[in-house]
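Take a moment to look over the sequence and the model below.

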Amino acid sequence: SVAAATFVDASLVRCRAPAWRTPETTLLAVTLDTSSVDTAALAATGAVHFTFYDAGAAPLVTGLSTHAAPLRATPHLVTMHGVNFAPTGEALLCRHGDAPSSWRRATFVDSATLRCPVDASGEPRTAPLSASSDGGRTWSVASSAGAADFTLYNPLAPPVATALEPPYAPAAERVLVNVTGRNFAPTAGLACWFGSSRAARVVFV
């Protein structure tokens with residue numbers, strides 16, 4: 001899309017952004033002659049990124065770079081993937097859970113990517129990561145159950161099972177058992193052991 005530009009001086013022009021079809025980050029470049037525009041050259045040498053977003057809609061989180069990390073003294077930098085992120089400066093925030101104490105400044109990458117520093121101290125816990133472009137007035141939603149969940153666990157302590165539902169099953173049936181406890185995490189080696197046998201499939205909830 002081409003927009004008329006107003007010359008101010010050799011280092012400044014003004015142009016009005018057009019209405020855009022969807023939230024996204026795109027290239028903005030300045031040309032001196034619209035009759036012979038080499039878009040590839042402009043993109044390579046003289047373009048900057050401009051983001052269109054829907055100010056009336058909350059961001060949508062579709063996934064994370066990782067869904068689990070160990071507890072430690074320094075934060076984990078987690079990449080959030082989604083839709084409708086915007087580079088709104090100090091108003092661009094992220095949080096782990098709902099507590100205001102977890103609010104942090106997020107780093108904008110593009111309209112589909114943010115980086116969020118997550119406090120990794122305290123107790124093992126699972127909570128969703130969410131983002132806000134308006135200083136915390138509205139927060140993102142997840143595209144599906146668990147898509148934005150992030151778990152902190154203690155790798156130096158074993159997981160502890162405290163309750164089962166159901167606590168029994170017919171010996172000939174493969175029954176799904178809900179295990180309640182603490183310090184669980186969706187690691188590659190997550191498994192349940194029954195006696196000396198490992199369960200075929202474990203689902204982290």
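In this predicted model, Leu129 touches Val61, Leu64, Val78, Met80, Arg95, His96, Cys116, Val118, Ser140, Ala148 and Phe150, leaving out residues up to four places away in sequence. Several of these names return below.

Which residues have the most contacts inside the largest nonpolar core? They are Leu64, Met80, Leu114, Leu129 and Phe150, in a core of 19 residues. At least two residues of this core come from each of β5 (60–64), β7 (76–83), β11 (113–118), β12 and β14. The strand that gives the most is β11, with 3 residues. In soluble globular proteins, nonpolar side chains tend to be buried together.

One of the residues touched by Leu129 is Ser140. Where does Ser140 lie? Its place is the loop between β12 and β13 (141–142). Is Ser140 buried or exposed? With a relative accessible area of 11%, Ser140 is buried, because buried means under 20%. Apart from neighbours within four places in sequence, Ser140 is in contact with Ala58, Pro59, Leu60, Val61, Leu129, Ser130 and Ala131.

The strands can now be put in order. Strands of a sheet pair through backbone hydrogen bonds, either parallel or antiparallel. Here an open sheet is formed by 5 strands, in the order β6-β14-β12-β8-β9, and its pairing is mixed. At the edges are β6 (68–70) and β9 (104–105), each of which pairs on one side only. Inside the order, strand β12 (residues 125–132) pairs with strand β14 (residues 149–153) in the antiparallel sense, over 4 bridges. Which residue of β14 is the bridge partner of Thr126? That partner is Thr151.

Next come the cysteines. The count of disulfides is 1. Cys94 and Cys116 form this bond, and their sulfur atoms are 2.2 Å apart. Cys94 lies in strand β8 (residues 93–96) and Cys116 in strand β11, so the pair ties together parts that are 22 residues apart in sequence. The torsion about the S-S bond is about 90 degrees, and therefore the disulfide is right-handed. Both Cys94 and Cys116 are buried. Cys116 is also among the residues that Leu129 touches. Two other cysteines can be located on the model: Cys15 is partly exposed, with a relative accessible area of 41%, and Cys192 is partly exposed as well, at 25%. Why does Cys192 count as partly exposed? Its value of 25% falls in the range between the limits for buried, under 20%, and exposed, over 50%.

Finally, consider the chain as a whole. The protein chain has 1 helix and 18 strands. Its C-alpha trace spans about 80 × 35 × 30 Å along the principal axes. A compact globule of 205 residues would have a radius of gyration near 17 Å, whereas the protein chain has 24 Å. Of its 205 residues, 25% count as buried. The accessible surface comes to about 13300 Å², and carbon and sulfur atoms account for 56% of this. Among contacts between residues at least 6 apart in sequence, 57% join residues at least 24 apart.

Notes. Residues numbered from 1 in each chain as written. Predicted model: local features only at pLDDT ≥ 70, side-chain atom pairs only at ≥ 80, totals over all residues. Heavy atoms only, no water. Pairing = 2+ DSSP bridges. Buried < 20%, exposed > 50% of the residue type's maximum accessible area, 1.4 Å probe, protein only. Contact = heavy atoms within 4.5 Å. Core = buried A, V, L, I, M, F, W, Y, C linked by side-chain atoms within 4.5 Å. Rg over C-alpha atoms; globule rule 2.2 N^0.38 Å. Areas by Shrake-Rupley, 256 points an atom, 1.4 Å probe, with all protein chains shown as cover. Disulfide = S-S within 2.5 Å.
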